[in-house]
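User: I am new to this structure and would like to go through it step by step. Could we start with the strands?
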Amino acid sequence: MKELRQDMKAGRFKPVYLIFGEEAFLKKSYKNQMKKAIVGDDAMNLHRFEGKGQDLREIISLADTMPFFGERRLILMEDTGLFKNAGADALVDYLPQMPETTCILFVESEVDKRKAGSVPAGFLGRRDPGRGR
């Protein structure tokens, strides 16, 4: 949580954040804090996707779009399974070219930490709310 708080306080965000674990209340709390810090009440620059089977081409296309009358665009991805199963390669390959104005926040119940490790260094802030509060 320390890293997330520092990023929120400084107003500097990594391209991707991963919040995971089984504690639903804590995940929701951290998700809401990140939403508020990144886009505030700006609903036009918040895009939410939930569940498995998301079209990664659509996500990448949306990530390439500049924010509409705002500083940042937040793409919120919940329980996608992308960090548990194969299939996130296109997204991982895209990250180095993603605009600095876009942030993707993953909120997952289950994560294979080997998959999360495939994200390039410096692109991912991780937090398991069930550990080290």
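User: In which sense do S1 and S4 pair, and over how many bridges?
Analyst: S1 and S4 pair in the parallel sense, over five bridges. Strands count as paired if DSSP finds at least two bridges between them. Within this pairing, Val16 stands opposite Ile104 in S4. Please note that this is a predicted model, in which local features need pLDDT of at least 70, side-chain atom pairs count only at pLDDT 80 or more, and totals for chains, interfaces and linings use all residues. Residues are numbered from 1 along each chain as its sequence is written, and side-chain values use heavy atoms, with hydrogens and water left out.

User: And how does S3 pair with S4?
Analyst: S3 and S4 also pair in the parallel sense, over six bridges. Met77 has Phe106 as its bridge partner in S4.

User: Is S4 buried or exposed?
Analyst: Seven of the seven residues of S4 are buried, so the strand is largely enclosed by the rest of the structure. Buried means under 20% relative accessible area, exposed means over 50%, and partly exposed lies in between (1.4 Å probe, protein chains only). Thr102, Ile104, Phe106 and Glu108 point one way from S4, while Cys103, Leu105 and Val107 point the other way.

User: What does the chain look like overall, in terms of helices and strands?
Analyst: The chain has five helices and five strands. From the N terminus on, these elements run α-β-α-β-α-β-α-β-α-β. Both kinds are DSSP runs numbered from the N terminus: helices are H or I with at least four residues, and strands are E with at least two. Of the 133 residues in the chain, 48% are buried.

User: Which residues touch the most other members of the largest nonpolar core?
Analyst: They are Ile75, Met77, Leu91, Ile104 and Phe106, in a core of 20 residues. At least two residues each come from strand S1 (16-20), helix H3 (56-64), strand S3 (73-78), helix H4 (89-94) and strand S4 (102-108). H3 gives the largest share, five residues. There is also a second, separate core of 15 residues, which includes Phe13, Leu26, Leu76 and Val107. A nonpolar core is a set of buried Ala, Val, Leu, Ile, Met, Phe, Trp, Tyr and Cys residues joined through side-chain atoms within 4.5 Å.

User: What does Leu91 contact, apart from its neighbours within four places in sequence?
Analyst: Leu91 is in contact with Leu56, Ile60, Ile104 and Phe106 once those neighbours are set aside. Contact means heavy atoms within 4.5 Å.

User: Changing topic: which residues of helix H1 are buried?
Analyst: In H1 (residues 2-10), the buried residues are Leu4, Asp7 and Met8. Seen down the axis of H1, they fall within an arc of 95°, so they line one face of the helix. The arc is that of the directions from the helix axis to the C-beta atoms. The face turned away from the buried side of H1 carries the exposed residues Lys2, Arg5 and Lys9. Gly11, which follows H1, has a positive phi, near 70°.

User: How many aromatic pairs are there in the whole structure?
Analyst: A search of the whole structure finds two. Phe68 and Phe69 form an edge-to-face pair, 4.6 Å centre to centre with 75° between the planes. Rings of Phe, Tyr and Trp (its six-membered ring) pair if their centres lie within 6.5 Å; planes under 30 degrees apart count as stacked, over 60 as edge-to-face and the rest as tilted.

User: And what about Phe83 and Phe106?
Analyst: The ring centres of Phe83 and Phe106 are 4.9 Å apart and their planes are at 85°, so this pair is edge-to-face. Phe83 lies in the loop between S3 and H4 and Phe106 in strand S4, so the pair ties together parts that are 23 residues apart in sequence. Phe83 and Phe106 are both buried.

User: How accessible are Phe68 and Phe69?
Analyst: Phe68 has 42% relative accessibility and counts as partly exposed, whereas Phe69, at 76%, counts as exposed.

User: Finally, where is Gly70 found?
Analyst: Gly70 is in the loop between H3 and S3. Its relative accessibility is 35%, so Gly70 counts as partly exposed. Gly70 and Asp42 are 28 residues apart in sequence and 7.7 Å apart in space, C-alpha to C-alpha.
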